[in-house]
Amino acid sequence: MSKNPPRPALAVAHENGVVHIRCTVESYSGAGMALTKSGVSWVPDLYESSGQSPFVSDIRIEPGGRGHRVVEVGQALRAHNLTGHTYASFYDPFTPGPMVRLGRVGPALNAHRLDKVLYVIDYGPGGVWYLGHQHHLGLALAIAEDVHEGLVYPVHGSSPGDLHSFGTESVSAKTNTICALLRAEGIFIHSDEFVVDS
């Protein structure tokens with residue numbers, strides 16, 4: 001793995017219309033600049049922990065206003081040299097697992113230009129979701145199926161082998177095991193816990 005962390009940014013459009021940009025510390029200012037230059041209004045997303053002052057966690061784009069579509073947000077990020085994966089939530093009440101899932105929208109990114117990054121977001125009762133390039137997701141899925149004994153929920157695109165994401169149950173010990181095994185393979189993990197506002 002490289003000594004310098006990659007500069008990834010992940011845009012996720014949630015069912016309430018809010019778009020969140022997940023960033024590393026190193027990519028936060030670049031993502032904010034890219035959005036501002038593209039005319040997208042954004043605010044820092046603050047996270048509060050009991051007894052501590054709030055700190056910046058990610059970037060939040062409220063519903064409405066110019067440039068809130070997640071594909072446009074991803075284009076703005078990529079235009080400014082950030083790895084910009086874009087996802088949107090959708091409902092799937094017909095297959096086992098979480099009803100709200102995350103599917104990639106917009107163009108898939110070329111593997112040869114990607115840092116080896118996976119996003120691991122714990123939505124609590126909504127499951128833990130693994131997001132990123134399908135090549136890295138394929139490795140993560142094989143590990144997760146072993147750790148979770150097959151209880152994983154992949155989201156596929158329309159073409160064969162097009163893996164968008166996958167979810168698992170929110171079990172900290174299992175998530176930690178999966179992440180440790182992926183780090184051993186040289187994958188940079190960007191993880192956080194997150195609750196979608198109602």
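**Entry 1: a strand residue and its partner**

I began with isoleucine 121, which is found in strand 7 (residues 117-122). I took helices (H or I, at least four residues) and strands (E, at least two) as DSSP runs, numbered from the N terminus. The model is predicted: local features need pLDDT of at least 70, side-chain atom pairs count only at pLDDT 80 or more, and totals for chains, interfaces and linings use all residues. Residues are numbered from 1 along each chain as its sequence is written, and side-chain values use heavy atoms, with hydrogens and water left out.

Is isoleucine 121 buried or exposed? Isoleucine 121 counts as buried, at 1% relative accessibility. Buried means under 20% relative accessible area, exposed over 50%, and partly exposed in between (1.4 Å probe, protein chains only).

I then looked up histidine 190. In sequence, isoleucine 121 and histidine 190 are 69 residues apart, while in space they are 8.2 Å apart, C-alpha to C-alpha. Histidine 190 lies in strand 11 (residues 188-193) and is buried, with a relative accessible area of 10%. Leaving out residues up to four places away in sequence, I found that histidine 190 touches Arg22, Cys23, Thr24, Leu118, Tyr119 and Val120. Contact here means heavy atoms within 4.5 Å.

**Entry 2: the chain as a whole**

I noted four helices and eleven strands in the chain. The chain has 198 residues, of which 46% count as buried. I also looked up contacts between residues at least 6 apart in sequence: 60% of them join residues at least 24 apart.

**Entry 3: aromatic pairs**

How many aromatic pairs are there? The count comes to two. Rings of Phe, Tyr and Trp (its six-membered ring) pair if their centres lie within 6.5 Å; planes under 30 degrees apart count as stacked, over 60 as edge-to-face and the rest as tilted.

Tyrosine 28 and tryptophan 42 form an edge-to-face pair, with 6.1 Å centre to centre and 85° between the planes. Tyrosine 28 lies in helix 1 (residues 25-37) and tryptophan 42 in the loop between helix 1 and strand 3 (43-47), so this pair ties together parts that are 14 residues apart in sequence. Tryptophan 42 counts as partly exposed, at 25% relative accessibility.

Tyrosine 130 and phenylalanine 166 are stacked, because their ring centres are 4.5 Å apart and their planes are at 10°. This pair links distant parts of the chain: tyrosine 130 is in strand 8 (residues 128-132) and phenylalanine 166 in strand 10 (residues 163-168), 36 residues apart. Tyrosine 130 is buried, with a relative accessible area of 0%. Phenylalanine 166 also counts as buried, at 0% relative accessibility.

**Entry 4: two packed helices**

I looked at helix 3 (residues 134-147) and helix 4 (residues 172-184), which pack at an angle of about 140° with their axes 10 Å apart. Axes are lines fitted to C-alpha atoms, for helices over the stretch in contact, and angles run from 0 to 180 degrees between N-to-C directions. The angle makes helix 3 oblique to helix 4. Angles under 35 degrees count as roughly parallel, over 145 as roughly antiparallel, 65 to 115 as roughly perpendicular and the rest as oblique.

Which residues meet between these helices? From helix 3, Leu139, Ala140, Ile143, Ala144 and Val147 meet Lys174, Thr177, Ile178, Leu181 and Leu182 of helix 4.

Glycine 138 is also in helix 3 and counts as partly exposed, at 34% relative accessibility. Glycine 138 and phenylalanine 166 are 28 residues apart in sequence and 9.6 Å apart in space, C-alpha to C-alpha.

**Entry 5: helices 1 and 2**

In helix 1, I listed Ser27, Gly30, Ala31, Gly32, Ala34 and Leu35 as buried. Just after helix 1, glycine 39 takes a positive phi of about 80°. In helix 2 (residues 70-79), the buried residues include Val70, Val71, Val73, Gly74, Ala76 and Leu77.

**Entry 6: cysteines and a loop glycine**

I looked for disulfides (a pair of cysteine sulfur atoms within 2.5 Å) and found zero in the structure. Cysteine 23 is buried, with a relative accessible area of 6%, and cysteine 179 counts as buried at 5% relative accessibility.

Last, I looked up glycine 17, in the loop between strand 1 (8-13) and strand 2 (19-23). Glycine 17 counts as partly exposed, at 21% relative accessibility. Glycine 17 and glutamate 62 are 45 residues apart in sequence and 7.2 Å apart in space, C-alpha to C-alpha.
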